[in-house]
Amino acid sequence: MDYQLNPFKPGAGRIPPELAGRADLVAEYRRLLYQARETGEGDRPWILTGLRGVGKTVLLNQFGKEAADLKLMFIKVEASGDTPLAQSLTKELHLALRRVMSASDKARRTWHAAARAFRSFQLRVDPTGSYAFGVTIEPSLGVADSGDLAVDLRELLEQIGLAAREVNTVLLLAVDELQEASANDLASLNRALHKLGQEISPVPVVFVGAGLPSLPAVLADATSYAERLYDYRRIGLLDVAATTDALAVPVQSGGAEWSEDALGEAVDATGGYPYFIQAYGSYIWAARATNLITLDDVEIGVEAARAEIDRGLYQSRWERSSPTQQAFMAAMALDAGDPSAMSDLVVRLGKRSTTDISVNRRDLIRSGLIFTPQRGVVAFTVPGMDDFISRQEL
């Protein structure tokens, strides 16, 4: 058999060869970007939520590709508890402005006011940073320099948006892992986007954020009107048809094919979880003996993939948890993937009330291992965590 490239792309955030089950969502977002460009006005910000590994980052990257196809500006940052959101935005906005200003003298003049506003903003949020433009840019006094992040971010985005409108483009601003940002940063972001959207003619700045299922509640805690501010989209597991396409199309494009029973077994094994689809598909491809993938190939590939997933996806999360947190999660695992009622966990852990286990609950939520789908209930943020825990020696 001739050597053939593996058509699957396992790993976090990599756009798969077949973005199955997401075509309608991507098409809708492309229309939103196109309309923003044609009208010169921004649109309602989006929030993507879902469990880890369902493809939220992939969608952000795909939205970025759609923006590039339309010749729009795109920046993406990842929120972190270690770095203020404003600093992350400053770094990426500088790169975007530097690119557009270097195109020509005319472009430099068009974006000059935006660059001055950026300098004012930068000197407030990251005065030690080095942000050169190739020419001297003086800060714009009285613009984006108040020290109030919500006000300054709005004024900065407004100046960028005005320049973008002049040259018929749009700024697409994406923030991944948004739940990791501080409460103050989220409140400021909400206020800035809210004010931008209330303008008579909102500038062509489009925002999309992504995070865990807890993100809507986190945003609402920051500012109550966040429930109405964003267009929330839940990103879930793929159905059988989409999972079949995600496995079958890459194999076919790679010059191979599935036997019917092998494809059915692989679809069942992934459970529609996009992270598993790419990992299992990659190992099954490598395990095949011919260009016809058999049931034996699936069994070998799935076993090898699960060993890697255990090490890379589950083991580190498990090991960095304290013994009492592990006991809490082990009690959750008894529900076999279903959400766990706190009242049931109290009984399983031999405690008297939910207060006795509230600290572990809080810390596991903060570390991104569990979330609260509804009051009094917790669930794992990573599909399959319950199965991994059930195989541990406790």
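Modeller: Two strands pair if DSSP finds at least two bridges between them. Helices (H or I, at least four residues) and strands (E, at least two) are DSSP runs, numbered from the N terminus. This is a predicted model: local features need pLDDT of at least 70, side-chain atom pairs count only at pLDDT 80 or more, and totals for chains, interfaces and linings use all residues. Residues are numbered from 1 along each chain as its sequence is written, and side-chain values use heavy atoms, leaving out hydrogens and water.

Now the sheet. Five strands form it, in the order S2-S3-S4-S1-S5. The sheet is open and its pairing is parallel. S2 and strand S5 (231–234) are the edge strands, each pairing on one side only. On average, neighbouring strands are turned by 15 degrees against each other, direction ignored. Axes here are lines fitted to C-alpha atoms, for helices over the stretch in contact, and angles run from 0 to 180 degrees between N-to-C directions.

Six bridges pair S2 with strand S3 (residues 171–176) in the parallel sense. Strand S2 (residues 73–78) has two faces. Met73, Ile75 and Val77 are on the covered face, while Phe74, Lys76 and Glu78 are on the uncovered one.

Move on to the next pair. S3 and strand S4 (residues 205–211) run parallel, joined by five bridges. Here Leu171 has Val205 of S4 as its bridge partner.

Helices lie across these strands. Contact means heavy atoms within 4.5 Å. Helix H2 (residues 56–69) lies across strand S1 (46–49), S2, S3 and S4. H2 runs at about 170 degrees to S3. H3 lies across S2 and S3, at about 155 degrees to S2.

The buried residues of H5 pack against helix H3 (85–101) and helix H6 (149–166). Buried means under 20% relative accessible area, exposed over 50%, and partly exposed in between (1.4 Å probe, protein chains only). Among the buried residues of H5 are Ala114, Ala117, Phe118 and Phe121. The expected span of a helix is 1.5 Å times one less than its number of residues. For the 14 residues of helix H5 (residues 112–125) that gives 20 Å, and the end C-alpha atoms are 20 Å apart, so the two agree.

Finally, the setting. The protein chain holds 17 helices and 10 strands. Of its 394 residues, 52% are buried.
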